[in-house]
Amino acid sequence: MRMSAKMIIGLSLLSGLAVTYPAFAEGDADKGKKVFAKCMACHTIEEEKNRVGPHLVNILDRKTATVEGFKYSPAMIKAGEEGMVWDEATLTSYLTAPKQFIPGNKMIFVGLKKPEDISNLIAYIRSKSAQ
Ligand code: HEC
């Protein structure tokens, strides 16, 4: 089969889009930055410095409770020992209802009720992570 010029243009447009928007399609990092304001009392994602909570630099794909020098609760340490890793799924569950997802953890945060706040927040966290 010969490809028409139209098809070729269509295909290259499609692949162009795929390159420009890798995994960001679901969330809006700019909106997520505003959501992150709720975390900033206790966390920074700009530098490897612990506050009330551990820093969140490169949090995606990191094993739970492994930031050096932070004193985690036994519940959080246990979750890490059982193999929990922070990815979209675990972050979404944790940030929706921290106390229910990891009972006994010491993060005092009620949770984000709106799913779009969480997907935007994860897009922001992703934009801050090493590529
Ligand atoms: C009142 C302070 C506070 C707020 C607000 C807060 N956190 Fe936390 N966060 C903590 C503490 C303390 C821990 C450690 C919990 C433990 O050890 O049980 C933690 C742990 C975490 C962890 C696990 C980190 C790791 O190294 O395993 C993530 C992820 C996280 N917080 C994300 C967030 C996000 C995103 C927000 C905003 C939506 C937020 N937190 C809001 C205090 C806070």
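Mentor: The account below begins with the chain and then turns to the metal site and the ligand.

This is a predicted model, in which local features need pLDDT of at least 70 and side-chain atom pairs count only at pLDDT 80 or more, while totals for chains, interfaces and linings use all residues. Residues are numbered from 1 along each chain as its sequence is written, and side-chain values use heavy atoms, with hydrogens and water left out.

The protein chain has 6 helices and 0 strands; helices (H or I, at least four residues) and strands (E, at least two) are DSSP runs, numbered from the N terminus. Of its 131 residues, 36% count as buried, where buried means under 20% relative accessible area, exposed over 50%, and partly exposed in between (1.4 Å probe, protein chains only).

His43 (NE2) and Met107 (SD) coordinate the iron atom of the ligand at 1.9 to 2.1 Å. Donors are N, O and S atoms within 2.8 Å of the metal (3.2 Å for Na, K and Ca); water is not among the atoms, so sites may look incomplete. The site has 6 donor atoms, with angles of 86 to 179 degrees among them, and is octahedral; six donors count as such if opposite donors are over 155 degrees apart and all others between 65 and 115. Histidine 43 lies in the loop between helix H2 (29–36) and helix H3 (74–81), and methionine 107 in the loop between helix H5 (98–101) and helix H6 (115–128), so the pair ties together parts that are 64 residues apart in sequence. Histidine 43 is buried, at 11% relative accessible area, whereas methionine 107 is partly exposed, at 21%.

Around the ligand there are 28 residues, the closest being Cys39, Cys42, His43, Ser73 and Met107. Helix H4 (residues 88–96) contributes the largest share of this shell, 3 residues.

Polar atoms of its side chain lie 3.0 Å from the backbone nitrogen of methionine 107 and 3.1 Å from the backbone oxygen of proline 98.

Terms used
Tetrahedral: all angles 85-135°; square planar, octahedral: opposite > 155°, others 65-115°. Near = heavy atom within 4 Å. Polar contact = N/O pair within 3.5 Å; in protein donor to acceptor, adjacent residues only side chain to side chain.
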